[in-house]
Amino acid sequence: MDNFDFPGLQRPRRNRRTAAVRGLVKETHLPVTSLVQPLFLVDGRGIRNEVTSLPGTFRLSTDECLREVEECLTSGVTNFIVFPAVPEELKDKTGTYGYDPANFYLQAAREIKSRFPEACLISDVALDPYNIDGHDGLVRNGRILNDETLPILAKMGIAQAAAGFDILGPSDMMDGRIGYLRQALDKAGFTETGIMAYSAKYASAFYGPFRDALDSAPKDGDDIPKDKKTYQMDPANQREALIEAALDTAEGADFLMVKPALNYLDVIALLRQNFELPIAAYHVSGECAMLLAAARNGWLDFDRAMPETLLAIRRAGADVIITYFAKAYAQMTQS
Ligand code: PBG
């Protein structure tokens, strides 16, 4: 077209012309210091047992876990969220092993913190790794009890704070647990131990590989609910996340979490706009497994798709991202 007058003066492509210019206009940055690496712990020595549904993630005994933490620290990952895979014979109805002083998980936290005081350890506060029913609260007559569960969560939380965990991660979704935990911690003298509240945790299909790793799925039984829908949120709901986040803020949370991350980017953005507390997003096991499966089939380029995924969670408004790819991302951006 000879006599075409270009419409207007703006040409957005000018700011994409070279890598240097693109660097100037980059809006979202994802430093490794914002990432949290999950770790699965088992009792014993020399154990490094891969989770079949989450290749590249291992159940580690304490000695192997120390090695893993050291490698992560060397790559710049300084934050860890730790989960125990508890043998069936140590589980009971009320999850007493969760606060047993002999608990290998608590002992491992002590060892990690004494070897690497600079590492930040986040715990898991919930009954499901410890109770025979595979639920986050006490089960009685086919129901998950709320208020009766709180004192047990507090006992676990205090034991974890005493073991040296920096931040507690209540993932159970019982009502009132943040305030209950905060008070119990303060009364026990743990005023400096933080709480990362799983505020908007959805009853999601994307926790599968995690439940495989810990064998923590709800157990079969007449009087055991088959799902977690009476305490985890309905994936259809957004406004309800505001209610949960407001309660957790008022009850003394230090972080608000949205979980899962990818299918809930709108919820991350909503909490970011409405709250001043740091927002954490949990890029959960099933979300990571999807990417790995596609990459293994040659259908996606992992080295490009993974950082793009983490960046999307960041762009939505997450300050903190918990992802099974934390170490891989750190190693990728380091070189
Ligand atoms: C349970 C808990 C779950 C996850 C973290 N804590 C699973 C569940 O609620 O059943 C899932 C994390 C993941 O899938 O990566 N307290």
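**Notebook: aromatic rings and a ligand**

Entry 1. I looked for aromatic pairs and counted 12 of them. My rule was that rings of Phe, Tyr and Trp (its six-membered ring) pair if their centres lie within 6.5 Å; planes under 30 degrees apart count as stacked, over 60 as edge-to-face and the rest as tilted. The rings of Phe40 and Tyr324 have centres 6.0 Å apart and planes at 35 degrees, so I noted this pair as tilted. It joins distant parts of the chain, 284 residues apart: Phe40 is in strand S1 (residues 35-41), while Tyr324 is in the loop between strand S12 (320-323) and helix H11 (326-334). Helices (H or I, at least four residues) and strands (E, at least two) are DSSP runs, numbered from the N terminus.

A note on what I am reading: this is a predicted model, where local features need pLDDT of at least 70, side-chain atom pairs count only at pLDDT 80 or more, and totals for chains, interfaces and linings use all residues. Residues are numbered from 1 along each chain as its sequence is written, and side-chain values use heavy atoms, with hydrogens and water left out.

Entry 2. Are Phe40 and Tyr324 buried or exposed? I found Phe40 buried, and Tyr324 as well. Buried means under 20% relative accessible area, exposed over 50%, partly exposed in between (1.4 Å probe, protein chains only).

Entry 3. Next I checked Phe83 and Phe210, whose ring centres are 4.9 Å apart with planes at 90 degrees, so the pair is edge-to-face. This pair also links distant parts of the chain, with Phe83 in strand S4 (residues 79-84) and Phe210 in helix H6 (residues 208-214), 127 residues apart. Phe83 is buried at a relative accessible area of 1%, and Phe210 is buried at 13%.

Entry 4. Which residues form one aromatic cluster? I listed Phe40, Phe83, Tyr198, Phe210, Tyr282 and Tyr324.

Entry 5. I then turned to charges over rings (NZ of Lys or CZ of Arg within 6 Å of the ring centre and within 35 degrees of the ring normal). Arg48 sits over the face of Phe58, 4.2 Å from the ring centre.

Entry 6. For Asp128, a polar side-chain atom is 3.0 Å from a nitrogen atom of the ligand. Gln232 has a side-chain N or O atom 2.9 Å from a ligand oxygen atom.

Note on methods: Polar contact = N/O pair within 3.5 Å; in protein donor to acceptor, adjacent residues only side chain to side chain.
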